[in-house]
Amino acid sequence: MENALGGPWFTYREIGATRGELPEGYHRFRLRRRLGNGRDLFERAGAEILAYRMQKGVGIFGQASTPTAEPGTLLTVRLGIGPLAIVAPCRVVYVLDDDENRRGFAYGTLPGHPEIGEELFAVEYDPADDSVHGLVTAFSQPGAWYTELGGPLVRLLQRVIAGRYLATLPTQP
C-alpha cells in the first residue's frame, strides 16, 4: 500500500514529531553541539546537511532519489559492516529551509528499516550571540528482533553515530 507521497507508508504514526515535543513510548534524544559563529558558517553547514553530508561523512549513505533533501525524497542508509550491513529505507518527512535561523531535514523509517521512528538533522543560528549549533534529534524503538535484542547497545550506538554526524559539519574556532 502507498501513501499520499506515492511510496510506502512510514512505520510509525507520529510523523513530523521531531519538530517539537518527542512522543512517549520511544527512546528519545537530542544532541546539540556548538559549531562556531557567523551567518556564513550557518549557511555552509545548512547546505551540507541538505546534501546528506552527515550521512555521507559517517559512511552510511546509500542513495537518494533527489540530490538534496526535499519532502518525499526516498533514501537508504547502510547500517553495519560488510556482508552484515543492512540497507535501511527512509523517506524525508520535512525540510527546514524556510526559517532564516534553522536548516535541515528529518527522515522517517519505512518498512524494512531495523528501527521505527524519525530523526532530524539540523543547524541553528542564534542572532542574539551569532552562535551556530548542529543538532540531531530522534525518537525510535526497535523494528526488528535484532535491534530489540541489542537494547541498550543499540541506543548507545545511536548516540555515538549522532556525535559523528555532528563532527562532519564545518566548524569555526
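1. A polar atom of the H113 side chain sits 3.0 Å from the backbone nitrogen of E115. The model is predicted: local features need pLDDT of at least 70, side-chain atom pairs count only at pLDDT 80 or more, and totals for chains, interfaces and linings use all residues. Residues are numbered from 1 along each chain as its sequence is written, and side-chain values use heavy atoms, without hydrogens and water.

2. H113 lies in the loop between strand 5 (102-109) and strand 6 (115-126). Strands are DSSP E runs of at least two residues, helices H or I runs of at least four, numbered from the N terminus. H113 is buried, at 12% relative accessibility. Buried means under 20% relative accessible area, exposed over 50%, partly exposed in between (1.4 Å probe, protein chains only).

3. Leaving aside residues up to four places away in sequence, H113 touches V77, L79, A88, P89, C90 and G143. Contact means heavy atoms within 4.5 Å.

4. There are seven salt bridges (a Lys or Arg side-chain nitrogen within 4 Å of an Asp or Glu carboxyl oxygen). One of them joins E124 to R102, closest N and O atoms 3.4 Å apart. E124 is in strand 6 and R102 in strand 5, so the pair ties together parts 22 residues apart in sequence. E124 is buried at 15%. R32, R102 and E124 form a salt-bridge network.

5. R44 pairs with D40 in a salt bridge at 3.3 Å between the closest N and O atoms. They are four residues apart in helix 1 (residues 39-50), so about one helical turn separates them. R44 is partly exposed at 38%; D40 is exposed at 53%.

Methods: A polar contact is a pair of N or O atoms within 3.5 Å; within protein, one must be able to donate a hydrogen and the other to accept it, and residues adjacent in sequence count only if both atoms are side-chain atoms.
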